[in-house]
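Please look at the sequence and the structure before reading on.

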Amino acid sequence: MKQENYSLLAHNTFGIDVKAACFLEYHSVDELRRMVAEGLISEPYLHIGGGSNLLFTKDYPGTVLHSCIGGIEIIGETDDEVRVRVGAGVEWDDFVAECVRRSWYGAENLSLIPGEVGASAVQNIGAYGVEAKDLITSVITMNIRGEERVYSVDECGYAYRKSIFKFAEMKDVFVTYVCFRLSKREHYTLDYGTIRQELTKYDEITLETVRRVIIDIRKSKLPDPKVLGNAGSFFMNPIVDRECFKALQKEYPRMPFYELADGRVKIPAGWMIDQCGWKGKALGPAAVHDKQALVLVNCGGATGKDIISLSDAVRASVHEKFGVDIHPEVNFV
């Protein structure tokens, strides 16, 4: 249904009250095809998911589209694995919960990540040693001309918080379904953060207890966007070459880090921000969260520009202290 001068307050977790000139929501591929054929999608246009990775800086002058395509359908199964097709409009955590309920292994470390399944394929969401690309087999799309195409996982160009779907030239491609491969054999990714330590509270390791631990860890660090507007991790963790890492480690021997397969090293941006003294500090109505420095929050009434001003100040501090650039994971609109 087409709606004009539509408030996007409920469609972004930062709680920024901006409006779209036109808002379109669809529940099926056929409905999207009809919208395309009837020319309802006027330029400029923006396709959103749950708005958990967006920062609106002003009213949007064109069409905002949102998918409500649902469903979790088994499309193939063996003794070892199951392949499923999931609608882009399915809440990501609902999908993870269903995987756990059905004893499908692989997605549990991504519990409680906000947003929708379609966005998971665009952003290559990740947490606690697992990324969406580890589970995705293909991404089904339709473009602004009504043409459907299936992208294999290799064609998606996945890297840390990256995919081809984030490129400007791909803005006319809309994700309709994402296909995943989950294991039916018991296996876990536990050696990341405090997962294994937290699991000692339980009598046994199961999908349910791992999911519970992940949820508890996230809730202890990340504010509920319904209470305090935020987009989760605002910055990507910087990846540096070995030479840069060694120089930093010499100066900061207690600096946490993660070795990557290609020899480079990932450094937690939250730790760097904390070392710069930003944790819990505010700049106007925007602030760095007091429990997780990677998170910027709307303390009430903040605009997108307020959040950007804080982001710029934090980035400048990190560069001055460490000589390392950190970049927003959140998309500015």
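The points below go from the whole chain to single residues.

The model is predicted: local features need pLDDT of at least 70, side-chain atom pairs count only at pLDDT 80 or more, and totals for chains, interfaces and linings use all residues. Residues are numbered from 1 along each chain as its sequence is written, and side-chain values use heavy atoms, with hydrogens and water left out.

**The chain as a whole**

- The secondary structure comes to 8 helices and 20 strands; helices (H or I, at least four residues) and strands (E, at least two) are DSSP runs, numbered from the N terminus.
- The radius of gyration is 20 Å, close to the 20 Å that the globule rule gives for 333 residues, so the chain is as compact as a globular protein of that length. This radius is taken over C-alpha atoms, and the globule rule is 2.2 Å times the number of residues to the power 0.38.
- Along its principal axes, the C-alpha trace spans about 60 × 55 × 35 Å.
- Of the 333 residues, 50% are buried; buried means under 20% relative accessible area, exposed over 50%, and partly exposed in between (1.4 Å probe, protein chains only).
- Among contacts (heavy atoms within 4.5 Å) with a separation of 6 or more, 61% are between residues 24 or more positions apart.

**Surface and charge**

- The chain exposes about 15600 Å², of which carbon and sulfur atoms supply 48%. Accessible areas come from the Shrake-Rupley method with a 1.4 Å probe, and for residues only the protein chains shown count as cover.
- The mean positions of the 39 positive and 47 negative charges are 3 Å apart. Lys and Arg count as positive and Asp and Glu as negative, while His and the chain ends are not counted; the place of a charge is NZ of Lys, CZ of Arg, CG of Asp or CD of Glu.

- Thr63 lies in strand E5 (residues 60–67) and counts as buried because its relative accessibility is 0%. Its side chain is joined to that of Ser42 by a polar contact of 2.9 Å. A polar contact is a pair of N or O atoms within 3.5 Å; within protein, one must be able to donate a hydrogen and the other to accept it, and residues adjacent in sequence count only if both atoms are side-chain atoms.
- Ser163 belongs to the loop between strand E11 (148–152) and strand E12 (173–183), and its relative accessibility of 1% makes it buried. The side chain of Ser163 reaches the backbone oxygen of Val122 at 2.7 Å.
- Ile267 is in the loop between strand E16 (265–266) and helix H7 (269–275), and it is buried at 0% relative accessibility. Beyond four places in sequence, the residues that Ile267 contacts include Leu248, Met255 and Met272.

**Backbone features**

- A cis peptide bond, with omega about -15 degrees, joins Glu43 and Pro44. Pro44 lies in the loop between helix H1 (29–37) and strand E3 (45–48), and Pro44 is among the residues that Thr63 touches.
- Ser103 is not a glycine, yet its phi is positive, near 60 degrees. Ser103 sits in the loop between helix H2 (92–101) and helix H3 (117–123), and it is partly exposed at 39% relative accessibility.
- Leu112 is also in the loop between H2 and H3. Leu112 has a positive phi of about 70 degrees although it is not a glycine, and its relative accessible area of 28% makes it partly exposed.
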